[in-house]
Each structure stands twice: as C-alpha cells, then as structure tokens.
Amino acid sequence: MNLKDPICAVATPPGKGAVGVVRLSGEGALEIAARVWRGKDPRRLRGGRFALGEVVDPRTGEAIDQALLLVFRAPRSYTGEDLVEFQTHGSPAVLRRVMEVLVAEGARPAGRGEFTFRAYLNGKLDLAQAEAVLALVEAEGELARRQALRALEGALSQKIAGLEGRLLDLLAHVQALLDYPEEGVEPLEAERTIREVLAEVEALLAQARASRLAQRGARLALIGAPNAGKSSLLNALLGYERALVSPIPGTTRDYLEAPLELFGIPLVAVDTAGVRETEDPLERMGVERALRIAEEADLVLYVVDRSLPRPAPPPLPWERTLKVATKSDLPPAWEDPGFLPVSSLTGEGLDRLKEALREALLGREGGEVLLTERQVEALQRAKERLEEALSLPEDLKGALEEGAIPYTAALELKKVRDEALRRALLEEARTGLSLRELKARVREALKREKAPKPWHREVGERLLRLDLEALPKARRQAVEEKLRELWALLEEVGRR
C-alpha cells in the first residue's frame, strides 16, 4: 500500500438518502477531481471553497449527477493532504458511479480507516484521537458520544501528556544528579512524584468499565421470586407498559428484553422468570435460564417483595448485584438497610434506584473518559511499572531518597583523577565476583579506609544488608553494579 496514492471512499452510510458524500484525498487528488468535474476548475479553488457543477464520466462526457464540490488544501484538511469532497444526491447508483470514475482516473478505494490513518501519520491526530473517531462514529448512547468527542478534542491525550511530562522531568533530574553531582543539583522527592502519577493512572483505570459499557451497552437482569414485582419494576424503569403484570404468580415463564437508555448508556433490561423451587419441568427451565442470564449480565437487580416474608436468596453474582425491596407502599413484613425500597405503583424510590444504578455502572467518576482496550492495557502496564518503582526494599529506598547512592557515588567517582586506574578497577569489579565475595570486599574496604566518610559506611552497610536474592533480576543487576562501583571507589580512596 502506497500511502501517497490518491484514495476515495463513500463517506455517508449505505442506503438511500438526500445527500451522499464521496471523499478523494492524496497526491494528484485535485487533478483527478478536475478530470471528472464539469464546472469551475478545482485546481483554481482556494481551500475551504466550494463550487456547483456536475460529476461526469470523462471517457464519454456523460453527466452522472449535479453536485457540490468542496476543496481542502494540504495541510489544512482532515488527512493533511489535498482533499476533495463531492456532495451528490444520496442514491446508491450515483455514489457507485462516482466511485467508478474516480478509480478509472487513478484513485484507489480507501482501506478501512485509511483516511484517519493518514490524518494520524500527517500529525493531524494522535493515536488516542484516531481511536476516538471510530468510537464517535459507532456511538449509540449519549455518554459514548460525549466520551468520544472529548477524546477527539484531545482531553485524554492532554492528560497522558501531563503525566508523561512529570515522569520525564523526574528522569531528567535523576540523570542530572548522576552526571553533574558537583553542580549541586537538589535532590527531588521521587517517591512522592511517582505516587501522585500512580494515583492519576489508577483513577483513569477506574473508569475503564464505565467506558466499555458506554461503548457497547450493558445488560441489566431483574431476578427474584414469582410475583416479586419484577415486571412492574421493568415497566416503571421504561416509562411504559412492556411486560404483562398479573397478581397470579408465574406470569413470566421465559425472559423478556426491553431496550432503554439511562445516564447516556444504552441498556437492555431483561425481565426473567420467577426463581423458586419447582417440580414443573417447564418452569424449572425458566429458572435455570434466569440464573444463567444473571451470571452473564453486567448488573443484576435482585427484586424481593417487602410486604411478604423474605425468601431464601438464590445464587447470584453478588459483587454486581443491587438489592431492591419492592411494594414499599404496602406495610412491610421486614426491614433491611441493604435493600433499596421502591414502589412501582407510586414511583417512590425510583430516583434513588436510578442513582444507585448510575453509580454501579459508571462509578463515582461518571465515566466521562473514553478508553479503548489498547489504552487500558497500556495504562495497566504503566501502573505495574510505577508500582515496581515503589517496591524497592526499604534499605535501598532510603539510600536512594537520601541521594547517597546516585549522588555521592557519582561525585566520588568523578573525583578519581586516574581514569585508567578507575576503569581497571571497575572492570575487575565487574568480572568474576560472586555476591558473597563482593560483599566481603566491601566490608574489608570499609574497615581499612584511613578516613572513612560517613556516606561510605552508611551506603556500604545499607547495601550489605540487602537480600539481593529476593530482588527481580533487572533490579538485582542494578544493585550489584552499585556494589561493584562502591567497592572500586573504596579501593581507590584507600590507595590515595
């Protein structure tokens, strides 16, 4: 695939409509447009201008349709390339013929998402914004639309850029401590910065479920005993009568689905058969299906009639179940603060139930951030790396916070005047020494140092106390290297 090729595609949905749009972008797009256009020459139009004319077949001169032609010149276009839009009537036959003549004149049909891909490559969008384009196109609920629009406007990108900037500043500071210790660079509170960034990452990850539900919708299962008020509650949530309601227990023998939108999330509410012990094989099948639906649902409403003795609870996924006490307008047979009292007849408690549904589905953050699966995985990896940075053993962490290892070791190594001797010592330290031998040499060097500096002994003792075997391999190697450098430094100081 040549990413400079002129590409074309129908930009409006399949089917008939008043207007259809065909896009053409890439090198030579204006020249191709000029060959299929009867009207003002597109090559002479300034960016953002339009012309009225006809799309024609240049091979025969036949007019295909009257149309508007819009020109967007690079880099001020969606793709960052020269881009032309033909706005024709929305007939499938017209759009098909327009595509045919464009391809005949040298364009090729665009691949899936190729216009947005080119926008990304040309710096018009970052990756998060490019993903938001697809999410906005596919949004079915109000929340998904808001999430995608905010991401397209760069809200998530700006948030991540801020966190990345803080970590890069921290890295630069640490490097400055190591490379220019004699300049008096002030130690930075690295742990506090890492903890603050980690908290922001965790806050983003906490919205991952809400983002997923907003994009694909959620299933809400109503589970309870026969005649517990499940169908009445479903009708109350919908605002119209969808399920049959009867005082006779067992009216619902199978499940019934109804779409609704709450808090901008497209939901499918499922009214199920009453759950109870039964010998009726047909009813037992309905009970089994109800419990299976509850297991697969994103959220479960366990519905219990508060005016009757409470039945034994069925096996449900309680971690994502809200408990509802229906018929709260009748005298109660029991009280339980863990249940939300609701009357489908009077509407009492419905607003509180909806608020509980909102928090269970969206969390306290409200789910205003669009997160794709790729972004969630990337954030999860970042979280793990940040936690790893905080999991240093206390002895080593203390030394790092005090600047003893990176600051003073670097300072003393830079003071060694004989570069050849220093290299020889470090090379000797890097080869042929086990951890036990390395620790032994550090102990000997600390003992025989003529004028031991406080940091020499403090850092040496800290490192000697570490249980290096318990460290991850990469961190263990880094600590071993510090031990070797410390031993070589102490050896050099003793030779002066």
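At what angle do helix H7 and helix H12 pack, and how far apart are their axes? Keep that in mind as you read these notes on the model, which is a predicted one.

1. **The whole chain.** Let's start with an overview. The protein chain contains 18 helices and 13 strands. Of its 496 residues, 44% are buried. Now take the contacts between residues at least 6 apart in sequence: 62% of these join residues at least 24 apart. The chain exposes about 26400 Å², and 53% of that area is supplied by carbon and sulfur atoms.

2. **Helix H7 and helix H12.** Here is the reply to the opening question. H7 (residues 190-205) packs with H12 (residues 373-390) at about 155°, and the two axes are 10 Å apart. H7 is therefore roughly antiparallel to H12, because an angle over 145 degrees counts as roughly antiparallel. The two helices make a left-handed crossing.

3. **Who makes that contact.** From H7 come Glu191, Ile194, Arg195, Val197, Leu198, Val201, Glu202, Leu204 and Leu205. H12 contributes Val376, Leu379, Gln380, Lys383, Leu386, Glu387, Ala389 and Leu390. By kind, the residues of this contact are eleven nonpolar, one polar and five charged.

4. **Helix H8.** Next, have a look at H8, which covers residues 208-216. Its buried residues are Ala208, Ala210, Ser211, Leu213 and Ala214. What do these buried residues of H8 pack against? Their partners are helix H5 (142-152), H7, strand S8 (218-224), strand S10 (265-271), helix H11 (350-362) and H12. Just after H8 comes Gly217, with a positive phi of about 90°.

5. **Pro331, a loop residue.** Finally, find Pro331 in the loop between strand S12 (321-326) and strand S13 (340-341). Is Pro331 buried or exposed? Its relative accessibility is 64%, so Pro331 counts as exposed, because the cut-off for exposed is over 50%. Leaving aside residues up to four places away in sequence, Pro331 touches Arg306 and Ser307. Pro331 and Arg306 are 25 residues apart in sequence, while their C-alpha atoms are 8.1 Å apart in space.

Methods:
Residues numbered from 1 in each chain as written. Predicted model: local features only at pLDDT ≥ 70, side-chain atom pairs only at ≥ 80, totals over all residues. Heavy atoms only, no water. Helix = DSSP H or I, 4+ residues; strand = E, 2+ residues; numbered from the N terminus. Buried < 20%, exposed > 50% of the residue type's maximum accessible area, 1.4 Å probe, protein only. Contact = heavy atoms within 4.5 Å. Axes fitted to C-alpha atoms, helices over the stretch in contact; angles between N-to-C directions. Parallel < 35°, antiparallel > 145°, perpendicular 65-115°, else oblique. Left-handed = near helix turned anticlockwise from the far one by under 90°. Nonpolar A, V, L, I, M, F, W, Y, C, P; charged D, E, K, R; others polar. Areas by Shrake-Rupley, 256 points an atom, 1.4 Å probe, with all protein chains shown as cover.
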